[in-house]
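Dear colleague,

Please read them alongside the coordinates.

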Amino acid sequence: MARLLLRFSQLLSINILATAIHIANAHVYKRQCQATLNLALTVAHRLQDHYFNPSNGQYTGGSLWTDASTLEDLHNLMLATGTDDFSTVADTSFIGKAALNSATDWQAILNGSNDDAGWIVLALWKIADYKGARGLSNAAYLGSASTIYDIIAGQWDNTCGGGVWWSTAHTYKNAVTNELFLLLSASGFLRFRNQTYLDNANKVPISLKNTDMRNSAGLYNDGLDTSTCSNNGQTTWTYNQGVIASGLAALSVANGDKTLLDQAEITLDATIAHLTTINILRESCDDVASGGAVCDQDQQIFKGIWTKHLQYYLDNANDPARTAKYSAFLGSQIAAVLHFGTNADNDVGSVWYEPDQGGSIFTPKTSASGLAAYVSAAKYGPCW
């Protein structure tokens, strides 16, 4: 009981602090908080020093798609800080080397995984944005991203009312693959003004709605039962709720339709209401105690992806009132990451909602997740 009271007191203090600072800074919407960026840089340097293997360009204990997401985070960080701490990482990474090689067989690298493909496109675009901001050539990264996008687009068919298959085996249609396709298509239109991208983007919300992949609580389940073309009722992972929001916001800009922002916030608000413990994001596989549930290598990065895509949502929403709505929540996340999730070596663990009792695990994915939270909060959270 004493420990529970202490935990409640600590989290209450975190949330009160975040709210108070948010109110004091309510007029600031698109600034970068240097104190938060300094925390992000500390985590990022530890991540690179401890986990990145320059000999193969991969993160030890990572995977293709989580490596892509981590590269996206590092370049998102450098765009925020204006520094070049990790300027050589892209070209020396496995994904970067593939992008720079005009002979790369992306089909072979992707091995049929359409959702992995989507994460790689996001990474390549963010790297291209960084290089463009520094006056460097980004053509190879943009070209590779376009090649991969076309591979994904070719996986759309009319089964279950439309949508991209999770893999080329065509056995499953899931939420995140189609949410990514929405985001890539709408964002691609905003980047390149290619009508095909917008046409593709406009198809996705219709197919998602027709299959009721968003449940009555406002959350997206994992995917479809393709035998019935209905929601399969599987886990409502946090990242599913973030990617749909960023995709709808990009489509809102593309179509000039702000009602899509309201739809996105149904799911963002449902995340805060249903996928948190005392206002801190928590996956169903998170357990602070040893011997309990443990998130697998994919699930470990999900919470940070939610925060990153909240940043992307707010970028495109471009609305002070919507920013104010989520600012204090972002502050609570990074306060928990700092005080509950981070160990003495500056690795961020898988559990944020309570001090570790042996159940938190520490991997490159969990550190990247914490990094993403810091970068998002530096832009849209309170600053202290």
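If the bonded cysteines of the protein chain are numbered in sequence order, what is the pairing? The pairing is 1-6, 2-3, 4-5, where a disulfide is a pair of cysteine sulfur atoms within 2.5 Å. This is a predicted model, in which local features need pLDDT of at least 70 and side-chain atom pairs count only at pLDDT 80 or more, while totals for chains, interfaces and linings use all residues. Residues are numbered from 1 along each chain as its sequence is written, and side-chain values use heavy atoms, with hydrogens and water left out.

The search of the whole structure finds 3 disulfides. Cys33 is joined to Cys383 with an S to S distance of 2.0 Å, and the torsion about their S-S bond is about 75 degrees, so this disulfide is right-handed. Cys33 lies in the loop between helix H1 (2–24) and helix H2 (34–51) and Cys383 in the segment after helix H15 (364–380), so the pair ties together parts that are 350 residues apart in sequence; helices here are DSSP runs of H or I with at least four residues, and strands are runs of E with at least two, numbered from the N terminus. Cys33 is buried at 0% relative accessible area, whereas Cys383 is partly exposed at 27% (buried means under 20%, exposed over 50%, partly exposed in between, with a 1.4 Å probe and protein chains only).

Cys160 and Cys229 form a disulfide at 2.1 Å, left-handed because its torsion is about -75 degrees. The sulfur atoms of Cys285 and Cys295 are 1.9 Å apart.

Finally, 15 of the 18 residues of helix H9 are buried, so H9 is largely enclosed by the rest of the structure.

Best regards
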